[in-house]
Amino acid sequence: ALRTAFGARDGRRRTLRAWLLTMVSSLVLSVAGVVESYRIATRGLAAELSRDAGDLDRGLAKFFIAYCLADLAVGNIEYKDLIDWESGWSHHSFYALALWIFLRRGQAQFFTAGLVEEVPTVILAYSKLLDTTDALRWSFSLTYYVFRILYHTVITFETLPHSTLAFATGLVVLRQHLWWFAGWWRGAFDAERHSSRKSSSKQRRFGFSLRTKVGLLLSMITAQIGTMAHVTLRGYRNRDWLVSNVLGGLGLLVAALYFTFQTVAIFVDTYTRGFISLAIAEEQVIYNISWEDPRVEREALALNGDDVVLTISSAGCNVLDYLVEGPKKIVAADLNEAQLAVLDLKLACVKARMDHRDFFALWGRSDPRVFRDFYESKLRQLLMRDASKRYWDRTGDALFRDNFMFSGTSGLVAFLLMLAARPLGISGALQRNLDGPATDFADSVIFRKITHALASPVVWTLAAPLVGVPPEQVRLVERKPSLFSERILEIVQKRMWTPDNYFYHGYCTGQFDDSPKCPRYMAKEHYDKLFAVADRVVLFHGSWGDAPVPEGCEHKGFTFVSLLDSMDWMPPSLASQLVANLADRLAPGARVFWRSYAPGPSMQAETYDLFTPHSPVLAHLDPLECTSYDRVGWYLSQWVARWDDTQKSSSTIADAKLLCLPETRGARQYRNTLFDDLRVCLAMGAHALRAEKDVATFYKSQGSRYDGFREALLPDRDTLLRYALPWAKLEAMLAKKPRQHGSSPWYVLACVGCGTARDLEFVADHLKTVCEATKKRVALVDLSPELLEVARKRVAALGLEAFVDVFVADCTDSASSALEQLRGNVAFVTCSYCLTMIPAWPKAIENLVGMLADDGVLGVVDFTQRFGRETGVLERVYKAWFALDGVYFNRNHVKTLADATEPYYYHEHRTRCPYTPYYPTHYVYVGKKKKKQKATSS
């Protein structure tokens with residue numbers, strides 16, 4: 001490692017040099033910390049903290065101050081780009097200042113008592129130098145938790161009788177430790193998520209089982225709560241230092257609750273983010289039944305015998321329901337081998353012509369006897385996949401012995417639901433086909449409390465991962481969570497009691513009963529139909545976007561596609577890529593169906609709610625909302641799209657590959673140094689103090705640092721440019737005869753308020769291809785000549801200068817020659833984080849829409865006030881704080897955009913503002929020019 005570190009100047013060697021200095025410092029301090037720990041063990045922590053600081057204490061504190069300053073100095077020369085704000089400038093400066101103060105106060109012994117906390121740093125530095133961090137990710141996380149969370153909590157509260165400053169400093173450091181721990185802990189889970197169960201490599205060797213990980217989470221939560229309770233009570237008992245017992249006790253309680261909440265939140269977040277992926281990696285069943293009502297798409301899409309079906313396997317219930325209709329082929333795709341194994345075994349039962357009573361006993365009543373009697377003798381050889389054989393050989397009848405309805409991660413929810421339903425009489429009422437719980441119970445306080453608890457966002461957020469719902473999906477309802485809460489109440493009070501709602505019947509009773517209290521394929525009259533068509537199902541391990549058309553149907557392609565709710569958790573990049581891949585295998589006129597937790601237009605209280613398809617690629621498919629009654633009820637919207645690329649209209653997808661534009665080759669990642677960001681912040685501060693907000697002057701002082709600072713501050717510009725604009729439909733739009741307007745060209749794209757033209761980089765390669773092929777152009781419009789000068793350099797570097805026109809213009813000035821040249825002549829107009837800085841924004845929107853050609857599209861990304869919470873305290877704080885820099889949050893921007901265009905896609909999200917605790921809301925809006933809006937010549 002030493003030879004490598006002091007070799008040539010490549011990235012790996014520079015990183016090693018950064019860690020060498022850390023290794024030396026942490027090793028020295030750790031040795032001293034271990035010695036001090038022995039003294040604490042023999043003399044007691046209180047005695048060590050109450051003694052006077054000695055020469056060794058002062059020497060160690062000075063040594064660490066020297067390390068902090070040396071690391072910053074050397075790092076600023078050798079590996080400047082590797083120093084970040086939190087673990088570099090902020091951490092080192094804070095420690096150097098704090099230790100200098102403690103030295104001045106004669107309290108360096110507090111620092112010595114905490115030196116053992118450097119042990120995790122030794123482990124990390126050693127693994128970094130030897131490049132073995134994969135093997136140490138769990139050991140480091142757990143060691144860090146013990147020393148820097150639990151031990152640090154204890155020592156912080158023990159300093160309270162001796163020094164309020166030391167106590168306050170310890171709390172600040174504890175908060176920072178929690179931030180770092182969160183990153184490592186989540187990183188360990190994320191790394192495990194991507195490990196393949198088949199792998200026996202060292203990456204997998206150091207992992208834990210899913211059960212062990214959940215146990216670790218619970219144990220660590222319990223330890224943290226216990227530690228906080230202990231130190232808080234101990235601190236209150238030692239209250240001689242308190243000015244006021246009441247105020248002091250309240251302060252201790254607040255600190256304990258805050259840090260307990262922060263720690264628990266880390267574990268819960270990890271659990272919700274990684275639980276499902278971990279189950280997939282370990283080939284564990286997640287879904288024991290398919291929680292999507294197959295009747296909806298079967299009837300809405302008129303499934304028939306000529307269809308070639310693509311769907312997701314899940315527990316196989318919907319696949320077998322479709323199979324009853326006798327389609328030509330069904331491809332069932334799934335990323336989870338365990339889910340495919342479940343469907344494979346069900347199909348093997350049908351192929352073996354198992355008697356209906358035995359089939360129902362196995363899958364409806366979870367009778368392990370049936371599995372034991374049939375698996376080895378008949379079923380195993382009929383399984384289509386070797387992976388399925390390995391799975392069932394390994395698990396045997398365990399899933400059925402413990403009740404298959406309670407198997408898998410969703411089975412825990414079923415078990416808990418059954419435990420609650422039986423004593424409350426719900427299970428019995430469902431089995432007796434009652435249309436609700438007993439009247440006296442339904443009117444009771446207990447029932448009302450239970451239903452409202454289930455409708456609580458906290459409850460369904462925590463329960464969601466257990467039933468296979470990732471946090472990304474839950475976030476789709478955060479704009480208006482009351483809609484989902486109201487739906488939960490409706491389910492409990494009405495929907496679950498319908499006679500044919502086998503979903504809730506199975507979970508509340510722990511079994512299926514005779515039709516209609518079971519999935520359709522389990523009914524005797526439908527089960528017999530499966531014998532003739534069981535061989536029409538093809539199992540595919542992988543994503544539905546990669547699933548091939550089955551043999552014999554290549555000329556036809558998929559005609560019926562049911563994607564369940566799979567796209568709810570996908571980022572725009574992944575959803576766009578999968579749909580683009582799928583499009584090549586779709587037959588003309590294919591019907592595509594999906595569900596979503598996101599509410600649809602039918603749930604809009606007013607037009608401005610803007611409940612559009614939740615992902616931009618889905619909006620490009622021009623779907624219609626399906627309002628058919630869904631027995632499950634969790635999904636607030638259902639959608640149907642028809643794939644027909646033969647229609648030559650402005651809505652035609654001419655090239656499906658353009659649904660997902662690739663990243664521009666050689667695209668830069670912009671990152672400022674701390675000093676660059678400080679200079680931008682100074683400019684922002686000066687702008688805030690000016691009585692007259694001069695935007696041009698504001699940007700003149702920061703042109704070269706503009707992009708680096710705003711890369712994190714202004715998110716989702718890439719989403720707007722690469723995914724939300726309908727590039728796949730551009731060819732059909734350009735095929736239309738443009739409105740003639742003097743000698744001006746017809747522009748493909750106009751970026752208004754373009755700044756340094758950073759947005760062009762997201763789509764530069766595609767723009768060059770389009771402009772070369774069509775002889776069309778790109779327009780850049782901004783008020784600042786200084787920023788446009790940077791934009792010209794960027795355009796030249798991108799090789800686009802032959803196709804780009806640059807205009808210095810005010811987008812609120814309708815008489816501007818630039819706006820006149822663009823009026824009615826642009827296919828796509830974009831405006832990124834500009835409207836909020838324009839006082840006359842209604843006029844700006846009017847002119848933006850005026851630039852659009854017929855069927856043109858306007859795309860805007862900007863800050864706004866959070867939906868439905870405009871008057872909340874935090875929203876008021878964000879609005880006032882951003883207004884200091886001339887950025888004015890206004891929910892009416894979105895409303896005006898929706899009035900001026902036909903809403904096409906809308907999404908809003910909260911992200912952290914760099915260097916602050918603020919999480920302002922931003923939105924992405926895409927709207928089409930209204931048909932009645934005809935551009936007029938001057």
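A salt bridge here is a side-chain nitrogen of Lys or Arg within 4 Å of a carboxyl oxygen of Asp or Glu. By that rule, E36, R39, R43, E48, R51 and D57 are linked in a network of salt bridges. The model is predicted. Across the structure there are 38 salt bridges.

Start with D397 and R372. Their side chains form a salt bridge, with N and O 2.8 Å apart. D397 sits in the loop between α18 (386-395) and α19 (398-401), while R372 belongs to helix α17, so the pair ties together parts that are 25 residues apart in sequence. D397 has a relative accessible area of 12%. Buried means under 20%, so D397 is buried.

Next come D500 and R631. The side chains of these two residues meet in a salt bridge of 3.6 Å, N to O. D500 lies in the loop between α26 (481-493) and α27 (502-509), and R631 lies in the loop between β6 (624-625) and β7 (637-643). The pair therefore ties together parts that are 131 residues apart in sequence. R631 is buried, at 7% relative accessible area.

R777 is in strand β9 (residues 777-782) and D805 is in strand β10 (residues 804-808). The two residues are 28 residues apart, and the pair links distant parts of the chain. D805 is buried, with a relative accessible area of 18%.

Now return to helix α17, which holds R372. Two packed helices are described by the angle between their axes and the distance between the axes. For helix α15 (residues 337-351) and helix α17 (residues 368-379), the angle is about 80° and the axes are 11 Å apart. The two helices are therefore roughly perpendicular to each other. Which residues in α15 and α17 meet? From α15 come L345, A348 and C349; from α17 come F371, Y375 and L379. By class, this contact has six nonpolar residues, with no polar and no charged ones.

An α-helix has 3.6 residues a turn, so residues three or four places apart point the same way. Keep that in mind for α18. Its buried residues are A387, S388, K389, Y391, W392 and T395. They pack against α15, α17 and α19. After α18 comes G396, whose phi is positive, near 60°.

N336 lies in the loop between β2 (329-334) and α15. Is N336 buried or exposed? N336 is buried, with a relative accessible area of 1%. A polar atom of the N336 side chain lies 3.0 Å from the backbone nitrogen of A338. Leaving aside residues up to four places away in sequence, N336 touches A279, I280, E283, Q284, I286 and H541.

The last stop is C834, in the loop between β11 (826-832) and α40 (841-851). C834 counts as buried, at 14% relative accessibility. Again leaving out residues up to four places away in sequence, C834 touches V752, G753 and D862. How far apart are C834 and D782 in sequence and in space? They are 52 residues apart in sequence and 9.8 Å apart in space, C-alpha to C-alpha.

Note on methods. Residues are numbered from 1 along each chain as its sequence is written. This is a predicted model: local features need pLDDT of at least 70, side-chain atom pairs count only at pLDDT 80 or more; totals for chains, interfaces and linings use all residues. Side-chain values use heavy atoms; hydrogens and water are left out. Axes are lines fitted to C-alpha atoms, for helices over the stretch in contact, and angles run from 0 to 180 degrees between N-to-C directions. Helices (H or I, at least four residues) and strands (E, at least two) are DSSP runs, numbered from the N terminus. Angles under 35 degrees count as roughly parallel, over 145 as roughly antiparallel, 65 to 115 as roughly perpendicular and the rest as oblique. Contact means heavy atoms within 4.5 Å. Ala, Val, Leu, Ile, Met, Phe, Trp, Tyr, Cys and Pro count as nonpolar, Asp, Glu, Lys and Arg as charged, and the others, Gly among them, as polar. Buried means under 20% relative accessible area, exposed over 50%, partly exposed in between (1.4 Å probe, protein chains only). A polar contact is a pair of N or O atoms within 3.5 Å; within protein, one must be able to donate a hydrogen and the other to accept it, and residues adjacent in sequence count only if both atoms are side-chain atoms.
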